[in-house]
Amino acid sequence: MNSAASDPAATAHGRDDDVPLHTLKVLVAGGFGVGKTTLVSAVSEVRPLRTEEVLTDASVGVDDLGGVEGKTTTTVAMDFGRLTFSGGVRLYLFGTPGQERFWFMWDQIAYGAVGAIVLVDTRRLSTSFAAIDFFEQREIPFVIAANRFEGARRYGVEEIRDALDVDPEVPVMMCDVRSREVARGVLVALVEHALQTARS
């Protein structure tokens with residue numbers, strides 16, 4: 001897939017370039033502070049909608065800040081972004097809240113999704129188990145994307161797969177969600193995996 005661009009042939013046949021032929025809903029999930037908002041912001045072609053709030057003393061003892069002590073904000077509803085590929089495929093990206101107290105919204109956000117990216121932090125793999133369980137139970141295709149954090153020990157893909165105990169057909173990849181091209185690559189891998197799952 002290539003980035004969206006003007007398609008003279010499509011225009012000549014009367015199709016509005018801004019009207020996609022296919023729209024797909026994709027979720028970006030994972031634990032608190034794994035980079036969901038960063039991924040949506042990096043890849044969205046429109047200004048992303050964010051519902052971030054400043055962490056306050058009220059979250060002390062409620063939210064687990066282990067490993068992300070420097071984090072000052074949190075998503076309280078969802079992030080939203082959009083990415084269009086040439087050929088008329090448009091992805092609508094929904095970043096889920098990572099904190100356990102907001103998980104009750106996941107079912108509503110997940111409705112109609114073709115697949116999900118589960119972002120993981122290799123320093124805190126246990127924070128990813130809830131998202132993996134959620135998509136496995138609902139049979140929603142997903143890929144694992146291990147976000148690289150400065151100073152974190154480097155693990156191989158198979159080590160991460162084994163630690164998370166995901167099925168062999170689930171794609172696992174390393175990523176840096178700050179990179180637009182890398183984030184796009186993860187989305188392409190998810191769409192391909194979702195299509196393959198639908199055919200099988």
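Colleague: Asp-162, buried or exposed?
Modeller: Asp-162 is exposed, at a relative accessible area of 60%; exposed means over 50%, buried under 20%, and partly exposed in between, with a 1.4 Å probe and protein chains only. This is a predicted model, where local features need pLDDT of at least 70, side-chain atom pairs count only at pLDDT 80 or more, and totals for chains, interfaces and linings use all residues. Residues are numbered from 1 along each chain as its sequence is written, and side-chain values use heavy atoms, leaving out hydrogens and water.

Colleague: Which helix is Asp-162 in?
Modeller: Asp-162 lies in α5. Helices are DSSP runs of H or I with at least four residues, strands are runs of E with at least two, and both are numbered from the N terminus.

Colleague: How many helices and strands does the chain have?
Modeller: The chain has six helices and eight strands. From the N terminus on, the order is α-β-α-β-β-β-β-α-β-α-β-α-β-α.

Colleague: What share of the chain is buried?
Modeller: Of the 200 residues, 46% are buried.

Colleague: Switching to Arg-154, where is that?
Modeller: Arg-154 is in the loop between β7 (142-147) and α5.

Colleague: What is Arg-154 in contact with, neighbours within four places in sequence aside?
Modeller: Arg-148 and Phe-149, where contact means heavy atoms within 4.5 Å.

Colleague: What part of the contacts with a separation of 6 or more comes from residues 24 or more positions apart?
Modeller: Those account for 73%.
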